[in-house]
Amino acid sequence: FIDKVLGVGTMFVFFLTAISLLIINRCKEEKQRRVLAILFLIVFAIYILSVLFFYYTKFQPFSDGYGDYIIYEQQAEQIAQRVHRGNFSLERLEVEGISLSHSYPVIIGYIYAFTMPNMLLGQIFNAWFVAVLICFLYLIIREIGGTEKEGFLPGLVASCYPSLVLYGSLLLKEALVIALTLIALF
């Protein structure tokens with residue numbers, strides 16, 4: 001009755017949400033915890049809906065169905081197969097025909113190894129990273145002296161930025177790079 005991939009994806013969403021809310025709950029101020037949790041949930045919901053739209057409609061603008069996300073998907077599946085065979089090493093990947101220019105497909109490959117190899121799960125992971133980066137944007141604004149409202153509204157506006165919605169909903173490394181940049185900035 002329910003798509004197997006969607007069922008695993010739903011459990012993955014709940015797992016990521018639970019972990020994130022537990023971490024957010026460690027914030028010092030009660031009001032900041034509440035605002036940060038609401039912001040995270042709103043942004044994550046927006047991006048989960050956009051991921052589902054992109055995945056089920058096969059909406060691939062500007063690429064004619066071919067882009068980096070296809071290459072990342074193939075590399076991640078190959079890495080997940082290596083992990084299932086018991087090979088956790090990243091050495092000698094070129095011998096097996098896997099050439100990596102960066103570590104993003106490795107991260108997605110390990111997610112595939114622990115869940116199932118499907119692009120939807122990688123896209124859900126990207127959506128989570130976008131929600132995390134928006135939370136760090138909020139924290140940066142608060143750190144430089146902004147109020148809860150002055151951090152919340154730019155977070156919502158930034159989450160609706162069209163290129164972030166596009167790149168954060170596809171299986172691309174941009175969401176991870178931006179999140180790590182904001183974490184380092186914080």
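Which residues of α8 are buried? In this predicted model, they are Ala 175, Leu 176, Ala 179 and Leu 182. Looking down the axis of α8, you find these buried residues within an arc of 130°, so they line one face of the helix.

**The nonpolar core**

Zooming out, the largest nonpolar core holds 58 residues. The members that touch the most others are Phe 44, Ile 108, Tyr 112, Ile 124, Trp 128, Val 130 and Leu 171. Two or more residues come from each of α1 (4–24), α2 (30–57), α3 (68–84), α4, α5, α7 and α8. Of the contributors, α5 gives the most, with 18 residues.

Val 130 is a handy one to click on. Setting aside residues up to four places away in sequence, Val 130 touches Val 43, Tyr 47, Leu 164, Gly 168 and Ala 175. Ala 175 is also one of the buried residues of α8.

**A buried serine**

Ser 50 sits in helix α2 and is buried, with a relative accessible area of 12%; the cut-off for buried is under 20%. Its contacts, leaving aside neighbours within four places in sequence, are Val 165 and Ser 169. With Ser 169 there is a polar contact, side chain to side chain, at 2.6 Å.

**The cysteines**

How many disulfides are there? The count is zero. A disulfide needs two cysteine sulfur atoms within 2.5 Å, and here is how far off two of the cysteines are:

| Cysteine | Nearest cysteine sulfur | Distance |
|---|---|---|
| Cys 27 | Cys 135 | 8.8 Å |
| Cys 160 | Cys 135 | 14 Å |

Is Cys 27 buried or exposed? Cys 27 is buried, with a relative accessible area of 18%. That value falls under the 20% cut-off, so the label applies.

How values were computed: Residues numbered from 1 in each chain as written. Predicted model: local features only at pLDDT ≥ 70, side-chain atom pairs only at ≥ 80, totals over all residues. Heavy atoms only, no water. Buried < 20%, exposed > 50% of the residue type's maximum accessible area, 1.4 Å probe, protein only. Helix = DSSP H or I, 4+ residues; strand = E, 2+ residues; numbered from the N terminus. Arc of directions from axis to C-beta. Core = buried A, V, L, I, M, F, W, Y, C linked by side-chain atoms within 4.5 Å. Contact = heavy atoms within 4.5 Å. Polar contact = N/O pair within 3.5 Å; in protein donor to acceptor, adjacent residues only side chain to side chain.
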